Amino acid sequence: MPKSKRNRAVTLSKTKKKGKEHKENIVNSIRECAEKYSSAYVFSFENMRNLKFKEFRDQLKSSSRFFLGSNKVMQVALGRSDSDEIRPGLHKISKLVRGDSGLCFTNLSKEEVQRLFNEYEEHDFARTGTTATEKVELQEGPLDQFTHEMEPFLRKQGMPVRLNRGVVELVSDFVVCEEGRPLSPEAARILRLLGKKMATFRLHLICRWSPDEFEIYREGMEESDIESS
């Protein structure tokens, strides 16, 4: 029996309530961290890989706390101006929480944080839409790395293949991807089969706040830009 409009309304209101509670919990957690930890950083990321990031976060859990999610919620938690910031100067980092970014509260020294973030790099298979870092072309002839069972799948990816005495054979040269061009779903699948990793998950520090200091790491961004934004 279909649900009544009243039941649907109750379900929606419960969902909205849960969403509001979740946001409030994040805001409270961020504000607690701002009081608890000695410094805060805004960082950006490229080619995010959730499992790899979890490993990085777990490695630092005794000294640091990370937040990813709604930039607006993080900004509200920190304060958007000097009149509503929760600690002096925090509104400056709030203005830099934009795009693909997150927060890190930590008790580690700034030298240690810089080292950890600058050295962090994880290579992985590129996903659909990722810009190819190089041209990949397969030459005509046998493809010994593939078993004969894979021939139909390779053909579905647009590869000009056939079976020749049980061996997968490319009947003509085939360009998988071109450097600087977005990867198609088929190209991403073929690169994975070839074991070719084109994506690098990186973290970049944007700025640092402590009770007595504010630093910007990202080039081309001056403190005056933040004050006027």
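Which residue lies over the face of Phe125? Select Phe125 and display its surroundings: Lys197 is the residue in question, at 5.5 Å from the ring centre. Please bear in mind throughout that this is a predicted model.

**Aromatic pairs**

Next, select Phe67 and Phe105. Their ring centres are 6.0 Å apart and their planes stand at 85°, so the pair is edge-to-face. Because Phe67 belongs to strand E2 (residues 64-68) and Phe105 to strand E3, the pair ties together parts that are 38 residues apart in sequence. Both Phe67 and Phe105 are buried.

Move on to Tyr120 and Phe201. Here the centres are 5.4 Å apart and the planes are at 85°, so this pair is likewise edge-to-face. Tyr120 is found in the loop between helix H5 (110-119) and strand E4 (121-124), whereas Phe201 is in strand E10, 81 residues apart. Tyr120 and Phe201 are both buried.

**The nonpolar cores**

Now select Ile30, Leu78, Ile93, Leu103 and Phe105. Within the largest nonpolar core, which has 22 residues, these touch the most other members. Elements giving two or more residues to this core include helix H1 (5-36), strand E1 (39-46), helix H3 (71-78) and strand E10 (199-210). Centre the view on Leu78: beyond four places in sequence, its contacts include Ile30, Leu90, Ile93, Val97, Leu103 and Phe105, and also Asp84 and Glu85. A second, separate core holds 20 residues, among them Ala126, Ala132, Phe146 and Leu154.

**A three-stranded sheet**

Display the strands in the order E6-E8-E7; they make an open sheet with antiparallel pairing. Strand E6 (141-142) and strand E7 (161-164) are at the edges, and each has a single partner strand, so one side of each lacks a neighbour in the sheet. E6 is joined to strand E8 (residues 167-170) by two bridges. To locate this pairing, select Gly141, which stands opposite Leu170 in E8.

Finish at Arg162, in strand E7. Is this residue buried or partly exposed? Arg162 is partly exposed, since its relative accessible area is 45%, which falls between the limits of 20% and 50%. Apart from neighbours within four places in sequence, Arg162 contacts Glu151, Val167, Val168, Glu169 and Val171. A distance drawn from Arg162 to Pro142, C-alpha to C-alpha, reads 9.5 Å, although they are 20 residues apart in sequence.

How values were computed. Residues numbered from 1 in each chain as written. Predicted model: local features only at pLDDT ≥ 70, side-chain atom pairs only at ≥ 80, totals over all residues. Heavy atoms only, no water. Pairing = 2+ DSSP bridges. Helix = DSSP H or I, 4+ residues; strand = E, 2+ residues; numbered from the N terminus. Core = buried A, V, L, I, M, F, W, Y, C linked by side-chain atoms within 4.5 Å. Buried < 20%, exposed > 50% of the residue type's maximum accessible area, 1.4 Å probe, protein only. Contact = heavy atoms within 4.5 Å. Phe/Tyr/Trp six-rings, centres within 6.5 Å; stacked < 30°, edge-to-face > 60°. Lys NZ or Arg CZ within 6 Å of the ring centre and 35° of its normal.
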